[in-house]
Amino acid sequence: MTALDLHRELNTNSSAAADLAARIRESGVEYLYYQVVTLSGRVLAKVVPAKHLLRNLEKGVQFHRTCLSDLQSTSGGVLLGGGAQAAEFTAIPDIDSFRVLPWDRSIGSFFCRLYEPDHRPSVAGQPLATDARGNLIRAHDAFTKETGLRLKSGCEPEMSWIGESMEVQVRPGASPAYHLGNLELMRPIFKKVMEYSTAMGLDMIEGDYEDPGQLELNWMYDSCELTADRLITYRLICRQVAREHGVIASFMAKPSTGCMGNGCHHNVSLWRGDENVLAEAGRRELHLTEIGRHALGGMLQHAPGSMMVMASTVNSYKRFWDTGLFAPTRINWGMDNKTCTVRLSANGRLEYKLPDASVNPYLSHALLLAAMRDGLQKQTDPGASVDKDSYADVSEIGVLPLTLGDAVAAFRSDEVMRTALPQEMSDLYLELKADEWARACGAVTDWDRKMYLEYLP
């Protein structure tokens, strides 16, 4: 049986299918979204009347495969991902991902895994190579089979709420962070986001106001593929709440100069059963086990090669140039040092600070798994922890790529990061990012006009 056959069998032969059908009837759901996540992290969907549930659990829905690269054409007019004549793929829903939309309970949704269609003899039923979500599930299972460990993670999804009603006054030289008055300004927003998030299965734990318009709401950590699903769901929720309140919810990494960027730090830990292997039981001072040090060593060694994924847009690198605003600039780690690339923020937890708000979490976690595995295999030494201010380091040693173009080159030269993804996915993502960088380099911006339009004579 092919992977597609096995997924179909799981969907149709399980009592879960009958239970789901009953739940849909009882909840009054009339329509279902079958959701697919692209390489850029956008969510695509087809809507189907709920009466066709059992048919779609087996047959799925079809999409043109270039949708996974956002139907993006290069500056030369070439449609990336296979061109107009490329075959469609089959998207099969994962039953356990079903949720009812709390803002319209007549609609439910699934996340799907993607497969080559039955009619392609040489590859029929194989997992689609460019399916980032399915790849993470498989990569995590392979990591566990090889190491006996599971990666758990929690994200810190900073993002910006933009609109006249969101504006705050900031004293010169001061920060609006943590101010209750600003949090109160956002009360209608955060209450609705938390309400919807809880209804969609996120265990919300805490949140705060940070920079002007910037809100961070967190949920409980879990297995990395579940965290990735929940981050995508959280973004959809924020977009819906923004529509309801007449404002913009933005996951742009650096929406304005002089303010903090929107990060999406990944807090990671490795587990063997119920044991967190990054920490020793009963030891209270900050420390990291040998397993933790080797995993960290891999994370640091492959930090440059991972940047094309962790900081995936041209705008992402503004966050690193505008230094002193808590984005890392050096490849290092520290014990509770907020200026480092990786911070040991608590025993058993490493805070990886490269990802920003626009990151595709399926890709970022796949690369983290590969980097950690490489560190564990090679017993990579992460070096000594840094206790000084990294921003004061003016050397060129251990500097991260600081443009998307440099990150593309670093990814190409890092075999471990490149092969963390199936070759077709790796190649397609490289094409997307290289084209994005080329377009940016050729674009005339407001900055260009202000600097040069009337500068001479």
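Mentor: Cys-155 counts as buried, at 3% relative accessibility. Here buried means under 20% relative accessible area, exposed means over 50%, and partly exposed lies in between, with a 1.4 Å probe and protein chains only.

A word on the source. This is a predicted model, in which local features need pLDDT of at least 70 and side-chain atom pairs count only at pLDDT 80 or more, while totals for chains, interfaces and linings use all residues. Residues are numbered from 1 along each chain as its sequence is written, and side-chain values use heavy atoms, with hydrogens and water left out.

Now the sulfurs. A disulfide is a pair of cysteine sulfur atoms within 2.5 Å. The count by this rule is zero. Cys-155 is therefore in no disulfide: its nearest cysteine sulfur, in Cys-264, is 4.2 Å away. Cys-238 also has Cys-264 as its closest cysteine partner, but at 11 Å the sulfurs are too far apart for a bond. Cys-238 is buried, with a relative accessible area of 0%.

Next, a buried helix. Helices (H or I, at least four residues) and strands (E, at least two) are DSSP runs, numbered from the N terminus. Helix α9 spans residues 303-310, and seven of its eight residues are buried, so the rest of the structure largely encloses it. The buried set is Ala-303, Gly-305, Ser-306, Met-307, Met-308, Val-309 and Met-310. An α-helix has 3.6 residues a turn, so residues three or four places apart point the same way.

Then a loop. Asn-347 sits between β15 (342-346) and β16 (349-352). Asn-347 is partly exposed, at 28% relative accessible area. Contact means heavy atoms within 4.5 Å. Leaving out residues up to four places away in sequence, Asn-347 touches Ala-279, Arg-283, Arg-284, Glu-285, Leu-286 and His-287. Its C-alpha atom lies 31 Å from that of Gly-41, 306 residues away along the chain.

Backbone exceptions follow. Most residues other than glycine have a negative phi, and most peptide bonds are trans. Tyr-178 has a positive phi near 70°. It lies in the loop between β7 (150-162) and α5 (180-185). At 65% relative accessibility, Tyr-178 counts as exposed. Leu-71 also has a positive phi, near 50°. Leu-71 is in the loop between β3 (61-64) and β4 (88-93). Leu-456 and Pro-457 are joined by a cis peptide bond, with omega about 5°. Pro-457 belongs to the segment after α15 (446-452).

Last, the whole chain. It has 15 helices and 16 strands. Buried residues make up 52% of its 457 residues. The C-alpha atoms fill a box of roughly 65 × 50 × 50 Å along the principal axes. Of the contacts with a separation of 6 or more, 72% join residues 24 or more positions apart.
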